[in-house]
Every structure is written in C-alpha cells, then in structure tokens.
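Biologist: I would like to go through this structure with you, one question at a time. Please show it first.

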Amino acid sequence: MATTIQTTQTASREERRAGRRRPRRGPATLIGDVILGIAVLLIFAPFAYTVVTSLRPASDLVKDPLGWPTNLTITNITDAYSKMNYAQGLFSSTIVLAGALIFTIVLGSLAAYPLARISRSWATWVYRLFIAGSTVPIFVLLAPLYLLLRDAGLLNSYAGVILTYTAMNLPVAIFFYTSFFRQIPIELEEAAAIDGSGPIRTFFVVLFPLLRPVTATLATFLTLSVWNDLLVPLVFLQDPSLKTVMVNAYSLVGSYTLDPSLLFPAALLGVAPLLIVFAFLQRHVVSGLTMGAVKS
Amino acid sequence: MIHRKPLIAVAFMAPALAMYLVLILYPLVQGLVLSATDSKIGNAGNFVGAKNYVALGSDSDVMRALGITLAYAAVVVVVQNVVGLVLARALYMRPRIRQLGSTLILVPTLMSAVMAAFVWNSLLAPDGAINSLLRSLGLSTLTHVWLGDPSTALWAIALVNIWMFSGYSAAIFLAGYMNLPAELIDASSVDGAAGWRRFVSVEWPLLAPATTVAVTLSLLGSLKVFELPFVMTNGGPAGSTTTLTMLIFAKIFGGQGSFAYGATIAFLLLVLVLLFGGITQSFLRRREERI
C-alpha cells in the first residue's frame with residue numbers, strides 16, 4: 001500500500017512539472033482554452049442567472065427577463081423566505097440530516113469493523129447481504145415501508161425519516177468503511193490490546209479517529225443526497241410543521257407556478273446551506289462525489 | 001482483536017443488521033407479498049397470485065412508461081457520459097483552468113432536482129429565457145413550448161438531467177485521468193501519439209475503471225429518475241413524461257391508492273435495474289480486466 005501511494009505521488013509531481021514545462025502555447029491551445037472556458041461558463045450560467053434574477057425587482061423581470069441587472073433588491077429573497085416557511089424547513093431538514101448522518105456513520109463504521117477483520121464465510125455473507133441492499137431502489141420499498149411506518153406510529157415523525165435514510169445508506173457506508181478498515185494495520189489493535197484496551201475502547205479511541213477521511217467523504221455524499229431528497233419527506237413527513245426545505249419549496253410550484261421572482265430565490269435558499277457548508281469542505285466535495293471512481 | 005471475539009463482533013454488527021433487516025429486507029418481502037394481493041390504500045386485500053404481474057404486460061400505461069424510461073435512460077447515459085468525458089479530457093489537458101473549471105461544473109450537481117426544475121421550468125417557459133434568446137438571435141422559428149409539447153417535454157427533462165450531472169460524470173472521468181501513469185502518457189507522446197490517436201489507444205483503455213463507475217451511476221440514476229419529471233411536468237403533457245417511478249408514485253399515492261399494483265410495477269423497476277445494472281457491470285468489469 002505504502003509503495004502505491006508513493007508512486008502515485010511521484011507520478012503526479014512529475015506530471016505537474018511537465019505541465020509547467022510545456023514551452024510553446026500556440027494559437028490552437030489558446031482556442032482550446034477559450035472553447036473550454038465557454039463550455040464551463042455555459043454549464044455554470046443557469047446558476048449565475050438564478051442568483052442575478054433572484055436579486056432583480058419583479059417589474060424589471062417582466063420587462064426584460066434576460067436583461068442586465070440595473071436595480072438590485074432583496075425583497076424577492078425575503079418574500080420567498082416567508083412564503084416557503086424557510087425557517088421551519090431549515091429546522092426540519094437540519095434535524096433529519098443530522099440524525100441520518102450520525103446514525104449512518106456510527107452504525108456503518110461499527111458494523112464494518114468486524115466485517116473487515118473476520119474472514120470467515122458467515123462474515124462474507126453478511127457483508128454481501130449489506131452490499132446487495134444498495135441495488136434496491138426506494139420505489140420498491142415505498143408501499144411496504146409506508147405501511148410499516150404507519151403501523152409503528154412513525155409516519156409524520158423525524159424518527160421514521162431518519163431511520164429510512166439510515167437503512168438506505170448503510171450499504172454505501174459499510175462498503176467504504178470496510179475497504180478502509182482493511183488498510184489499517186492489525187498491529188495497531190494488537191498494540192492497543194497489549195495496553196489493556198478492550199475492543200470497544202480500541203474502536204472509539206484508536207480506530208474511529210483514523211477513519212476521518214472516509215467519514216468526511218461519506219458525510220459529504222450523505223449531506224447531498226439527504227438534503228436534496230424530495231421523495232422520502234414528501235411521503236413520510238406530511239404534517240406542515242415537519243416539512244423539509246425541499247418539500248416546502250415543492251409546495252410553491254402548485255400555487256405560483258412559473259413566477260421567477262419567487263421560484264429563483266426559493267431555489268437559491270434551497271442550495272444556500274449546502275454551498276456554505278461545502279465552501280468549508282471543498283476538497284471533500286469532489287472525493288465525496290467520485291467515491292469509488294478510481295481503484296486504489 | 002475483534003476477530004478473536006465473535007460475540008463482540010456480532011454486537012458491533014447488530015444495530016446495523018437489525019435496521020437493515022427491519023427497514024430493507026422485511027419491506028422487500030412485504031412488497032412481494034403485497035404485489036400478490038389486490039390491496040387498496042394499504043388494506044390487507046385478497047391473495048390474487050401472479051395476476052398483477054400478468055396484468056403488467058397488457059397495461060398500456062405500464063408499457064408506455066417502460067418505453068419512456070428506457071428511451072430516457074439511453075439518451076441520458078450516452079450524452080451525459082460523452083459530454084463528461086470531453087470536459088474531463090479538456091480539463092486534464094489544461095492545468096491552468098482545471099481547478100476552477102472542475103469546481104464550476106460541479107455546481108449544478110449540488111443543486112437538488114427540485115431547485116434545478118424551478119430554474120429550468122422558467123428558462124424553458126414560452127416567454128422564458130431560452131425562447132427570448134432564440135428570438136433575439138433572429139431564430140424565432142426555433143422557439144417552442146418545450147415542456148408543453150408531448151414530443152419535446154421528455155427530451156427537455158433529459159437535457160436538464162444532462163446539464164445537472166455532466167459535471168459529475170466529468171469529475172469521475174477526471175479522477176480517472178489524474179490517476180493515469182504519467183510515464184505512459186510521456187512514453188506515448190515520445191512515440192508520437194497525440195490527440196485523437198493517443199485518446200483512442202492509450203487514454204480510453206486506461207480510463208476503464210472510471211468508465212464503469214460513470215456509466216453505471218448514470219444508468220441507475222436515469223432508470224430511477226423521479227424528481228425532475230415530478231416537479232417539471234408532473235408526468236404530462238398527455239403522459240409523455242410518465243416514467244416508471246412516476247407511475248409507481250401515482251398508483252400508490254394518487255387517488256386510487258393501488259398499493260398492490262404500485263408495488264408490482266416497482267418490482268418491474270427492480271428487475272430492470274438488476275438486469276441492466278448487471279449486464280453493464282459485467283461487461284465493463286470484463287473490459288477492465290482485459291486491460
């Protein structure tokens with residue numbers, strides 16, 4: 001493992017040096033740069049347009065939807081804030097997200113530890129069972145899960161939604177934690193055991209802190225999928241006081257369909273918390289999204 | 001030293017396993033049982049055997065949704081991955097733009113489908129930005145009621161899907177590119193392989209692991225697409241954007257409350273996901289091994 005890391009590092013260093021050394025940049029490369037720049041900006045443009053439009057007065061929008069912003073206002077945003085019950089939605093979304101994160105990370109890493117260390121066939125089968133769970137689309141479970149949560153009195157409760165997200169995401173968590181545990185040398189646990197540390201203590205004090213990179217990556221992935229999800233809270237949290245940001249935003253569609261001076265700031269408020277969090281976690285965002293893309 | 005203490009090992013796994021058994025495995029079995037009944041609004045209903053499954057074949061709504069879902073997935077998988085790959089290569093070749101560029105193209109991926117739907121519903125509206133842009137470019141003949149016309153609505157939604165996730169595909173391919181052995185790239189340029197030639201014979205084969213992930217994710221994602229058509233068109237106009245997931249949702253939570261039939265269509269979706277996911281995976285994995 002150590003050698004692999006070293007080779008990739010040298011390789012990327014060499015490659016970076018080669019990139020800097022590239023001597024002549026002819027007109028062809030310049031054209032390439034420009035085309036790529038335009039393509040990137042085109043992909044980013046709808047988002048920029050959303051931000052700009054959110055800040056323009058409704059009267060300007062009617063006159064010229066694509067025009068250059070001359071007057072800026074935050075009325076649209078404050079308006080959307082109250083019409084989509086943003087404060088309440090933010091509260092619900094945060095509780096659901098925090099619960100799902102804690103449960104998935106703790107239960108997933110706990111289960112992955114013995115699964116990575118025990119090579120008996122029963123452990124392999126338990127592992128396979130977990131991984132198979134990731135292929136089941138939520139739609140297959142929708143009707144029976146609704147009935148189960150109803151009978152358990154967990155419809156319209158944060159607990160029901162948190163449990164659903166945790167179960168749905170455990171396969172991913174176990175997959176990544178298991179492969180990471182296999183890279184941690186077993187000598188570390190033996191040393192801890194000699195020092196008189198039991199398995200539980202070893203797990204929480206010695207091993208769990210080592211999992212930080214995977215945990216950050218997994219947390220990024222979970223945050224994206226849980227925060228942005230509409231289906232689960234739409235079906236299982238119908239009580240108006242429990243609705244999440246996405247469900248509240250969705251409710252706007254029926255009543256005010258195409259009004260950009262409401263929907264654009266609503267869209268912006270919906271992603272704002274994610275963008276703020278990800279600004280701090282930037283390097284984990286890409287790794288969170290490309291988890292498993294590259295064999296290592 | 002957990003491997004020497006099986007009881008403690010089981011205790012570590014127990015909470016996750018319990019949650020998995022109760023909230024995934026049990027509902028999965030319950031769903032299968034449900035699909036063999038005529039249950040409405042979740043009431044027990046009578047056992048009807050394979051009747052619901054037989055009914056799928058002669059249900060024109062289901063067959064139509066199946067066709068829509070497959071066509072949508074085919075277009076999204078091909079276009080999204082081609083665009084992603086082109087973007088990734090362009091970014092890889094241009095270290096100066098790489099960092100900023102790869103961040104900017106990921107912004108749509110961070111947006112939820114609900115938010116993307118808001119923005120694009122407005123952009124695609126009859127008087128929206130896209131049509132205004134076409135008019136101001138003197139292309140009035142190309143203006144269109146994109147989401148109101150059954151012949152364009154599904155492809156407009158596919159476009160939004162492609163817009164959202166091309167940057168994601170690009171990030172996966174770029175991660176593959178960054179992992180290419182530099183010596184090999186250097187050697188191939190010494191041998192005079194550049195441009196298209198180098199892409200076909202050196203880069204593309206070496207990108208096999210990234211291709212497996214990018215293609216599989218886009219395939220499974222597009223087969224299960226729900227929120228975009230749900231928010232953008234609610235399955236219309238004239239059912240032209242009613243995918244399998246939309247139909248499942250409508251059967252269960254629509255007026256009829258056909259829990260049993262909804263669960264049956266859901267198993268059709270599961271078969272589709274397992275079948276196409278399995279075929280693609282085994283094909284792409286075998287390709288990885290050949291290299």
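Biologist: How many helices and how many strands does chain A have?
Modeller: Keep in mind that this is a predicted model. Of the 296 residues in chain A, 49% are buried. Among contacts in chain A between residues at least 6 apart in sequence, 75% link residues at least 24 apart. The count for chain A is 15 helices and zero strands.

Biologist: How much area do chain A and chain B bury between them?
Modeller: Chain A puts 93 residues into the contact, and chain B puts in 92 residues. Carbon and sulfur atoms hold 80% of the buried area. The area buried between the two chains is about 8,200 Å².

Biologist: Which residues of chain A lose the most area to chain B?
Modeller: Three residues lead on that side, and together they give 9% of what it buries. They are Leu36(A), Ile43(A) and Phe139(A).

Biologist: What is the distance between the closest N and O atoms in the salt bridge of Arg96(B) with Asp33(A)?
Modeller: Two salt bridges are counted between chain A and chain B. A salt bridge needs the nitrogen within 4 Å of the carboxyl oxygen. For Arg96(B) and Asp33(A), the closest N and O atoms are 2.9 Å apart.

Biologist: Which helix gives the largest share of the side of chain A that touches chain B?
Modeller: Polar contact between chain A and chain B involves eight residue pairs, with both residues at pLDDT 80 or more. The largest share of the chain A side is 13 residues. Those residues come from helix α2 (residues 27–54) of chain A.

Biologist: And how many residues of that side are nonpolar, polar and charged?
Modeller: The classes are counted on the side of chain A that touches chain B.

Biologist: Why is the pair of Tyr113(A) and Phe12(B) called edge-to-face?
Modeller: Over all chains, 27 aromatic pairs are found. The ring centres of Tyr113(A) and Phe12(B) are 5.6 Å apart. Planes over 60 degrees apart count as edge-to-face. The planes here stand at 65°, so the pair is edge-to-face.

Biologist: Which helices hold Tyr113(A) and Phe12(B)?
Modeller: Tyr113(A) is buried, at 0% relative accessibility. Phe12(B) is buried too, at 5%. The pair joins two chains, because Tyr113(A) lies in helix α5 (residues 86–117) of chain A and Phe12(B) in helix α1 (residues 6–34) of chain B.

Biologist: Which residues form the aromatic cluster?
Modeller: One aromatic cluster takes in residues of chain A and chain B. From chain A come Phe139(A), Tyr146(A), Phe236(A) and Tyr250(A). From chain B come Phe226(B), Phe230(B), Phe249(B), Phe253(B) and Phe259(B).

Biologist: Is Val245(A) buried or exposed?
Modeller: Val245(A) is in helix α13 (residues 245–256) of chain A. Not counting residues up to four places away in sequence, Val245(A) touches residues including Met84(A), Leu90(A) and Trp227(A). Buried means under 20% relative accessible area. Val245(A) has 1%, so Val245(A) counts as buried.

Biologist: How far apart are the C-alpha atoms of Val200(B) and His144(B)?
Modeller: Val200(B) sits in helix α10 (residues 195–206) of chain B. Val200(B) is partly exposed, at 39% relative accessibility. Along the chain, Val200(B) and His144(B) are 56 residues apart. Their C-alpha atoms are separated by 39 Å.

Conventions. Residues numbered from 1 in each chain as written. Chains lettered and ligands numbered in written order. Predicted model: local features only at pLDDT ≥ 70, side-chain atom pairs only at ≥ 80, totals over all residues. Heavy atoms only, no water. Contact = heavy atoms within 4.5 Å. Buried area = accessible area lost by both parts, 1.4 Å probe. Salt bridge = Lys/Arg side-chain N within 4 Å of Asp/Glu carboxyl O. Polar contact = N/O pair within 3.5 Å; in protein donor to acceptor, adjacent residues only side chain to side chain. Helix = DSSP H or I, 4+ residues; strand = E, 2+ residues; numbered from the N terminus. Nonpolar A, V, L, I, M, F, W, Y, C, P; charged D, E, K, R; others polar. Phe/Tyr/Trp six-rings, centres within 6.5 Å; stacked < 30°, edge-to-face > 60°. Buried < 20%, exposed > 50% of the residue type's maximum accessible area, 1.4 Å probe, protein only.
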